[in-house]
Amino acid sequence: MITTAYADFAWKQTAALLAIDSPSGFTARAAEWVKNAFSALGFDAKLTTKGGVLVDLGGTDTEDALFLEAHADTLGAMVAEIKGNGRLRAVPLGGMSANNAEAETVRVYTRDGAVIDGTLQLINASTHVNSDYATTGRTWDTVEVVLDEDVRSAADTRALGIEVGDLVCFDPRTRRTASGYLKSRFLDDKLSVGILLGFAKYLRDEKITLSRRVYAHVTVYEEVGHGGSASVPKGVTEAISIDMGCVGTGLTCTEKQVSICAKDSGGPYSYEVTGKLIAAAKATGADYAVDVYPHYGSDVEATLRAGYDIRHGLIGAGVYASHGYERSHIDGVFNTLKVLCGYLSI
């Protein structure tokens, strides 16, 4: 029986991965870290051509294989213009909203390897100066990156090595509270990568040989819609996204539970797989909720759209304030691990 020690391990791995900036399109360092973390546990892990990580977790039945998908790419932004005053206009990568990115510390990565600190601020951000501060709509056209360098012109900024196309990465502000709450930007979906590492460690420690082959795919383009569209091994019949469970008005899940998604904006998940996930939660005593997500898409839906003939499902630890400063709980991590074990009857 899996224990809470593996949830704690999953969080430690998550925290380490959260410290590596990795918005979509800028994921090489994070992917290398993920590959090495699975390899350190004794599993065959390799980088895909697309930049993700494919891991063989073992198992005997290769004709009825299970594919577990999570993603290491996050939201972020890209430099779209160097303004005349040396500040930067940015455009979002994925669903990052200017409303909840305002006043966040950022790091700008240049092509030549420099990293320059700054802050995303409302244009004319001083309330003592700007009489329209409270009524200005926060959009990517009304905010800007203010660099922590003495720049006063576009030439000054370019002298730092910054150019259009450089990446703007947001400080995750990661912490675990004494009561077990896990807070950070980008728990979606680095928390699930940590959960897969916790699951892999459990398989290794207990010397478990799975009855069916299981692969893990940590993708790197989920936030822009095509992360799970490739790299499915032969023999896979089912794919389950391990992604964040939604917490919010109209849903029943909390941060302490594992969420099982029955339907999202892409349509219903496999009735058969969803039913087996519910049965696994019941069998293992996992605290779970079944919900319908109104605004959501997942790696496994990209897998189906790519033409793979598989059944699909989605689970994840409950996460509040998705695409903002997110919050989960160590109990939600543990309940997700229990469902994974129950699904494979280990």
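1. A cavity is a set of grid points where a 1.4 Å probe fits but cannot get out. This note applies that term to a predicted model, in which three cavities of 30 Å³ or more are found. The largest cavity holds about 50 Å³ of space.

2. Sorted by class, eight of the lining residues are nonpolar, two are polar and two are charged.

3. For the largest pocket, the computed volume is about 460 Å³. Its lining comprises 27 residues, and those closest to the centre of the pocket are Met244, His295, Tyr296, Gly297 and His323. Two elements, β14 (245–247) and α7 (299–305), each give two or more residues to this lining. The most is given by α7, which supplies four residues.

4. The composition of the pocket lining is as follows. Eleven residues of the lining of the largest pocket are polar, nine are nonpolar and seven are charged. For the lining of the largest cavity, the corresponding division is two polar, eight nonpolar and two charged residues.

5. Is serine 259 buried or exposed? This residue belongs to strand β15, which covers residues 258–264. Serine 259 counts as buried because its relative accessibility is 0%, and the term buried applies to values under 20%.

6. The surroundings of serine 259 deserve a separate point. Beyond its neighbours within four places in sequence, serine 259 is in contact with Gly245, Cys246, Cys253, Ala289, Asp291, Tyr293, Leu314, Ile315 and Gly316. With one of these residues, tyrosine 293, there is a polar contact between side chains, at 2.5 Å.

7. Which strand pairs with β15 in the parallel sense? The partner is β17, and the pairing runs over five bridges. Within it, lysine 263 has valine 292 of β17 as its bridge partner.

8. Strand β17 (residues 288–292) presents two faces. Ala289 and Asp291 form the covered face, whereas Tyr288, Val290 and Val292 form the uncovered one. Both residues of the covered face, Ala289 and Asp291, are also among the contacts of serine 259. Valine 292, the bridge partner of lysine 263, belongs to the uncovered face of β17.

Note on methods: Residues are numbered from 1 along each chain as its sequence is written. This is a predicted model: local features need pLDDT of at least 70, side-chain atom pairs count only at pLDDT 80 or more; totals for chains, interfaces and linings use all residues. Side-chain values use heavy atoms; hydrogens and water are left out. On a 1 Å grid over the protein atoms alone, a cavity is a set of points where a 1.4 Å probe fits but cannot get out, and a pocket is an open set with protein on both sides within 12 Å along at least five of seven lines; lining residues have an atom within 4 Å of a point. Grid points are joined across faces, edges and corners, and a volume is the space filled by probe spheres set on the points. Ala, Val, Leu, Ile, Met, Phe, Trp, Tyr, Cys and Pro count as nonpolar, Asp, Glu, Lys and Arg as charged, and the others, Gly among them, as polar. Buried means under 20% relative accessible area, exposed over 50%, partly exposed in between (1.4 Å probe, protein chains only). A polar contact is a pair of N or O atoms within 3.5 Å; within protein, one must be able to donate a hydrogen and the other to accept it, and residues adjacent in sequence count only if both atoms are side-chain atoms. Contact means heavy atoms within 4.5 Å. Two strands pair if DSSP finds at least two bridges between them.
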